[in-house]
Amino acid sequence: MSLVNFSGQNVAEFTFTGFDHLPYHKLMGTVILLAYCLALLGSTTNICVISTDRRLHRPMYLLICNLALVDIMFSTGASTTMISVLLAGDKTISYHSCLSRVYIYHLGDITECLALSLMALDRTVAISEPLRYATILTNQRVFLLIVLSWLLGICLMGMLVSIADQLPYCQPVIKYIFCDYAAIIRAACVDPEPYWLLSSTGALWLLGGQFPLILLSYGKLVFTVLRLPSTEKGGRTFRTVISHFIPVVCYYAPKLVSVLLTRVGVTLNLTERNALLIISTLLPPLINPTVYCLQSKEIRGTVLRVLRRNLL
């Protein structure tokens, strides 16, 4: 895509107006703050438990730890801005702070998608090839895959932020609720259409590429579970598959709803778009640590032992 070099100077700060027409700002801010704190608590707990217990230094737990780190970054990129606007009444953000939030938020979004794909791969190998699992997915290979997923997200977001940084912003108003790529592109004094190519390609790859692969992976897992001879073992494995699929639904459902409604001709107003943004930003980081803490008896057991030691 050919970008135009503008001589106009960028604005010093942006003003958020996405919450202006909504009532009960304090209540909404309190709910978002509570959800954010619970997400931080759950993700931090998983990271601390996995990093301090050498028995959990295995591929699946490395992936859970990576997902927890991604959840913290993903939720922080958006929640801190919303909390500041709703509870502190600070509706402005500096230009460079906004760009940094765009980078953090979308890097978290991209790596969240890739983390879910890696976890689907892990469970597929573990259940379909249990005897070869330890040789196919070693800690070194899983760590390399995690690093590659982060590098991919870092490079893609570097290009997007570079594009946004070249645009002039003569009307420094963001009609949405936090800084993301779509919001600041729409705030620029240019026709936004030419600047959607890279972001649309990335979104198509995430929704049209990764999501079907994840569905195929879990479909293969269900087929494998149904062929297991032991009912008890099959039931336990099936519960594991379901618990791993819940985070996938929480991440993709708001995005798919937005895309499908647009495709069938339903135009979402600003309030509805912002509501989907809040759900898609807060739901996965809130659900993921809970699901994996409850599903993993090792993590659950460690947490319960620590709680008993401190409470008794």
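Biologist: Which residue forms a salt bridge with Asp20?
Modeller: This is a predicted model, where local features need pLDDT of at least 70, side-chain atom pairs count only at pLDDT 80 or more, and totals for chains, interfaces and linings use all residues. Residues are numbered from 1 along each chain as its sequence is written, and side-chain values use heavy atoms, with hydrogens and water left out. A salt bridge needs a side-chain nitrogen of Lys or Arg within 4 Å of a carboxyl oxygen of Asp or Glu. The closest N and O atoms are 3.0 Å apart, and the partner of Asp20 is Lys91.

Biologist: How many residues apart are Asp20 and Lys91?
Modeller: Asp20 sits in the loop between β1 and α1. Lys91 sits in the loop between α2 (59–86) and β2. Helices (H or I, at least four residues) and strands (E, at least two) are DSSP runs, numbered from the N terminus. The pair links distant parts of the chain, 71 residues apart.

Biologist: Is Asp20 buried, exposed or partly exposed?
Modeller: Buried means under 20% relative accessible area, exposed over 50%, partly exposed in between (1.4 Å probe, protein chains only). Asp20 has 41% relative accessibility, so the label is partly exposed.

Biologist: Which residue meets Lys255 in a salt bridge, and where do the two lie?
Modeller: The N to O distance is 3.2 Å. Lys255 lies in helix α8 (residues 231–263) and its partner in helix α3, so parts 146 residues apart in sequence are tied together. Both residues are buried. The partner is Asp109.

Biologist: What is the strand order in the open sheet?
Modeller: Strands pair if DSSP finds at least two bridges between them. β1 (residues 13–16) and β3 run parallel, joined by 2 bridges. The edge strands, each pairing on one side only, are β2 (92–94) and β3 (173–174). With 3 strands and mixed pairing, the order is β2-β1-β3.

Biologist: What span does helix α1 reach from its first C-alpha to its last?
Modeller: The expected span is 1.5 Å times one less than the number of residues. Helix α1 (residues 25–52) has 28 residues, and 40 Å is expected. The model comes close, at 40 Å.
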